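Work through the exercises below with the sequence and the model open. Try each task before reading its solution.

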Amino acid sequence: MCGIIGIVSHTPVNQLLYDGLLVLQHRGQDAAGIVTAEGNAFHMHKDNGLVRDVFRTRNMRNLLGNSGIGHVRYPTAGNPAERAEAQPFYVNSPFGIVLAHNGNLTNTNQLKEDLFRLDLRHVNTSSDSEVLLNVLAHELVAVGNAPQLSVERIFKAVNGVHRRCQGAYAVVAMIAGYGLLAFRDPYGIRPLIIGSRKTEAGMEYMLASESVAIDALDFRILRDVAPGEAIYIDVSGQLHSRQCADNPQSFPCIFEYVYLARPDSVIDGVSVYETRLRMGERLAEKIRQQWSHLQIDVVIPIPDTSRPSALQLANVLSLSYREGFIRNRYIGRTFIMPGQAMRKKSVRQKLNAIGMEFKDKNVLLVDDSIVRGTTSREIVQMARDAGARKVYFASAAPPVRYPNVYGIDMPSRHELLATGRTDEEIAQEIGADALIYQDIDALIEAVREINPALVHFDTSCFNGAYVTGDITPEYLNLIEAMRCGGSRERPGLETLQMDRNLGAGIHNQLVESKNSDD
């Protein structure tokens with residue numbers, strides 16, 4: 001999960017890009033970067049840290065030009081400590097190109113080998129985004145060697161990227177002297193939306209990961225970029241678009257609606273806030289049907305993402321809704337904290353319980369999801385320490401049992417609390433008296449009801465159905481070994497069984513899903 005932005009304006013764009021990155025800060029807190037274009041020259045500044053810390057007045061003054069791209073980084077590939085892996089990335093051949101990427105390529109190693117041995121290109125970091133940039137640069141040459149780029153040639157190059165790159169990617173890039181290029185992977189896993197505004201000097205355009213950035217900068221939303229589609233805005237401000245994938249299909253990541261996106265965003269025609277309200281409704285129905293014996297005195301959300309779901313759940317069940325935790329807003333989101341020790345330490349710094357809302361009550365805590373369980377375990381204990389008689393826990397999402405390989409930091413099975421455990425065992429692990437998970441069909445319907453045109457979703461972290469079709473047990477073992485520095489313990493019987501089920505079931509699930517439309 002990262003945040004990307006690209007703007008073509010008729011006035012200096014540095015402040016717009018900065019403001020847009022501030023709005024997208026929730027999508028990445030590890031590093032930030034901006035590149036602007038002034039004629040054929042690029043001006044870049046990037047570093048590790050939050051947007052407000054990376055950019056000073058002197059940096060902003062140097063970011064000259066009326067077009068540019070920006071990025072906030074949440075590391076899922078590469079080395080998060082390396083400043084060199086902050087984005088955007090730059091390559092000077094065959095044309096000066098800068099690129100920012102949200103997502104994760106799943107065939108990075110093969111692409112690196114091909115770039116070195118066949119394309120004769122050098123990749124300087126371990127980031128898959130630099131690999132993607134070099135693939136694009138090579139394809140611009142492979143589709144023609146004329147000294148000038150045409151619109152046709154640019155779109156053919158994007159088609160070449162789609163054919164070579166596997167995984168999830170939403171991209172904004174600039175080609176020196178030509179304009180801004182943006183495209184989305186053929187499955188539309190990661191979001192990308194375009195907006196515009198009319199000025200006296202002419203039309204201006206903006207692309208971003210979420211609509212909230214377009215709203216905040218006073219642009220008007222045009223539409224989502226379609227899966228496989230490329231948008232090219234040339235130096236004269238003319239917008240060109242084309243479907244560049246051979247067989248595009250829409251499989252947006254459902255975890256965007258659960259947790260990643262801001263509630264005031266609209267992704268693929270679906271209000272994130274409305275989706276979370278509906279998640280609460282369906283969770284309430286499950287409690288009414290299967291958990292009616294629970295004597296719940298009060299419903300309390302885990303701030304902030306779960307508030308809409310918790311509020312709607314309380315309304316449907318006619319239960320009291322209370323704010324029981326106060327959040328320290330100067331602590332980053334614990335889900336994207338690097339390292340388990342830091343993540344655990346930050347929970348108590350981030351939240352503090354209001355004792356009067358817990359004392360002598362049976363409390364239902366509602367969270368958006370349970371990934372590693374560290375936060376859930378600490379919060380349940382905080383509720384007990386505050387005097388709760390019973391602590392029930394509800395998740396607006398199903399159990400996260402499988403790694404996400406498309407740009408979310410959950411790549412290791414042994415880190416996922418639900419892997420190899422029953423709901424009862426998970427409840428014991430987090431210390432809850434009862435645990436209620438959302439059903440995956442209910443989650444899908446919560447999104448689909450708002451936009452029936454969305455038929456399929458990437459739900460791989462819940463059911464192991466990887467939409468790109470290239471994820472094998474061997475691949476999962478590899479990324480886990482890389483994450484653990486090659487010293488990961490040998491998998492147990494439950495993990496090996498999951499490997500066998502995964503290898504046998506991935507293609508069947510997806511084939512059945514796709515054939516249902518034929």
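## Exercise 1: An aromatic cluster

Phe255 and Phe462 are both buried. The model they belong to is a predicted one.

**Task.** Find the elements that hold Phe255 and Phe462, and classify the pair as stacked, tilted or edge-to-face.

**Solution.** 
- Step 1. A pair of aromatic rings is described by the distance of the centres and the angle of the planes.
- Step 2. For Phe255 and Phe462 the centres are 6.2 Å apart and the planes make 45 degrees. Planes under 30 degrees apart count as stacked and over 60 as edge-to-face, and this pair is tilted.
- Step 3. Phe255 lies in helix H8 and Phe462 in helix H15, so the pair ties together parts that are 207 residues apart in sequence.
- Step 4. Ring pairs also bring in Tyr259, giving a cluster of Phe255, Tyr259 and Phe462.

## Exercise 2: A second aromatic pair

**Task.** Describe the geometry of the pair Tyr187 and Phe251, and decide whether each residue is buried or exposed.

**Solution.** 
- Step 1. The whole structure holds nine aromatic pairs. One of them joins Tyr187 and Phe251, with 6.0 Å centre to centre and 75 degrees between the planes, which is edge-to-face.
- Step 2. Tyr187 sits in the loop between strands E8 and E9, Phe251 in the loop between strand E13 and H8, and 64 residues separate them.
- Step 3. Buried means under 20% relative accessible area. Tyr187, at 17%, therefore counts as buried, and so does Phe251, at 2%.

## Exercise 3: The two sides of helix H4

**Task.** Which residues of H4 (108-117) are buried, and where do they lie around the axis?

**Solution.** 
- Step 1. The buried residues are Thr108, Leu111 and Leu115.
- Step 2. They cover an arc of only 60 degrees around the axis, which puts them on the same side of H4.
- Step 3. An α-helix has 3.6 residues a turn, so residues three or four places apart point the same way.
- Step 4. The cover over the buried residues includes strand E6 (97-105), helix H5 (128-142) and helix H6 (151-164).
- Step 5. On the face turned away from the buried side are the exposed residues Phe116 and Arg117.

## Exercise 4: A strand covered on both faces

**Solution.** 
- Step 1. In a regular strand the side chains alternate between the two faces of the sheet.
- Step 2. Ser395 stands opposite Tyr437.

## Exercise 5: A buried loop residue

**Task.** Decide whether Gln87 is buried or exposed, and find what its side chain meets in a polar contact.

**Solution.** 
- Step 1. Gln87 is in the loop between strands E4 and E5.
- Step 2. Its relative accessible area is 3%, so Gln87 is buried.
- Step 3. The side chains of Gln87 and Ser129 make a polar contact of 2.8 Å.

Note on methods: Residues numbered from 1 in each chain as written. Predicted model: local features only at pLDDT ≥ 70, side-chain atom pairs only at ≥ 80, totals over all residues. Heavy atoms only, no water. Buried < 20%, exposed > 50% of the residue type's maximum accessible area, 1.4 Å probe, protein only. Helix = DSSP H or I, 4+ residues; strand = E, 2+ residues; numbered from the N terminus. Arc of directions from axis to C-beta. Contact = heavy atoms within 4.5 Å. Pairing = 2+ DSSP bridges. Polar contact = N/O pair within 3.5 Å; in protein donor to acceptor, adjacent residues only side chain to side chain. Phe/Tyr/Trp six-rings, centres within 6.5 Å; stacked < 30°, edge-to-face > 60°.
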